[in-house]
Amino acid sequence: MEWYHTLIVVLVIVAIVVLIIYWFFKSNITPSRTGLLSENIVCIKNSIVNVYMYSKGSDRLVIDAGFSAKALKKELLKMGIIPEETTDVFLTHTDPDHIGGLSIFNKAKIYVGEDSRVKNQCNFSFLSDNDIIMIGEIKVQAISTPGHRPGHTCYLIDDKALFTGDLLRLKSGEIKPFFKRISRDSDELIESIKKVAKIENVKTLLTAHTGYTTEFDKLIEKWK
Ligand SMILES: [Zn+2]
């Protein structure tokens, strides 16, 4: 085979792989657009992931810190949010797409599940299952949900908004486990979904990569 025949074959294979990856992302990674979701919740789109801000009066907190600091800061400013004024950031876990923008919250206290892998421990406050933290008038309950990563933690805020990070995904009107192939322990992941299925009165369920739903009760039924 001539060298350029080999080159064409390689280029075709590369193009097919790129198309498959593009198709996978397009059909499975569906973060919400930046905007106000309810009177308490602002959603920020940062590349393939959503960051959320929850506020009540002058109290506010951020859930996860996205992929890119520069892009995240730009989106926050668009919504009138000054990142340096954020006092508390709750991380669901410490993968790069959830901590990439942490540097812009340079005055904030950072909370994370106690079994999470973190590089510089002194910057973090570690939370155990069912810990309750009050940020002014906002009640935050940590729910330990390992599986995707050790220490992965969901946050139930004011007993009604459940922020689930990479525990599960919303697809075709169903709740599915987060991608098992890129999760550490898929059995544990399933157990963690069954655990959150027991929570009552959730009004909004929010994911990191596949948007949110106000139909938690209906969608979670099959996990009970
Ligand atoms: Zn993620």
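Here are some questions and answers on this predicted model.

Residues are numbered from 1 along each chain as its sequence is written. Because the model is predicted, local features need pLDDT of at least 70 and side-chain atom pairs count only at pLDDT 80 or more, while totals for chains, interfaces and linings use all residues.

Q: How many helices and strands does the protein chain have?
A: Let's count DSSP runs, numbered from the N terminus: helices are H or I runs of at least four residues, and strands are E runs of at least two. On that basis the protein chain comes to 5 helices and 15 strands.

Q: What is the radius of gyration of the protein chain?
A: This one is taken over C-alpha atoms, and the globule rule is 2.2 Å times the number of residues to the power 0.38. For 224 residues, a compact globule would come out near 17 Å. The protein chain agrees with that, at 19 Å.

Q: Is Ile-8 buried or exposed?
A: Ile-8 is found in helix 1 (residues 3-28). The call rests on other C-beta atoms within 10 Å of a residue's own, with C-beta atoms placed from the backbone: 20 or more is buried, 12 or fewer is exposed, and in between is partly exposed. Ile-8 has 12 of them, so Ile-8 is exposed.

Q: In which loop does Asn-201 lie, and what is the phi of Asn-201?
A: Most residues other than glycine have a negative phi. Asn-201 has a positive one, and Asn-201 counts as exposed with 9 C-beta neighbours inside 10 Å. The place to look is the loop between helix 4 (186-196) and strand 14 (204-206), and the phi is near 70°.

Q: How exposed is Ser-47?
A: Ser-47 sits in the loop between strand 2 (41-46) and strand 3 (49-56), and the phi of Ser-47 is positive too, near 60°. With 14 C-beta neighbours inside 10 Å, Ser-47 counts as partly exposed.

Q: Which strands stand at the edges of the open sheet of 6 strands?
A: Two strands pair if DSSP finds at least two bridges between them. The order is 8-9-10-11-14-15, with mixed pairing. Each edge strand has a single partner strand, so one side of each is left without a neighbour in the sheet; the two are strand 8 (132-135) and strand 15 (212-213).
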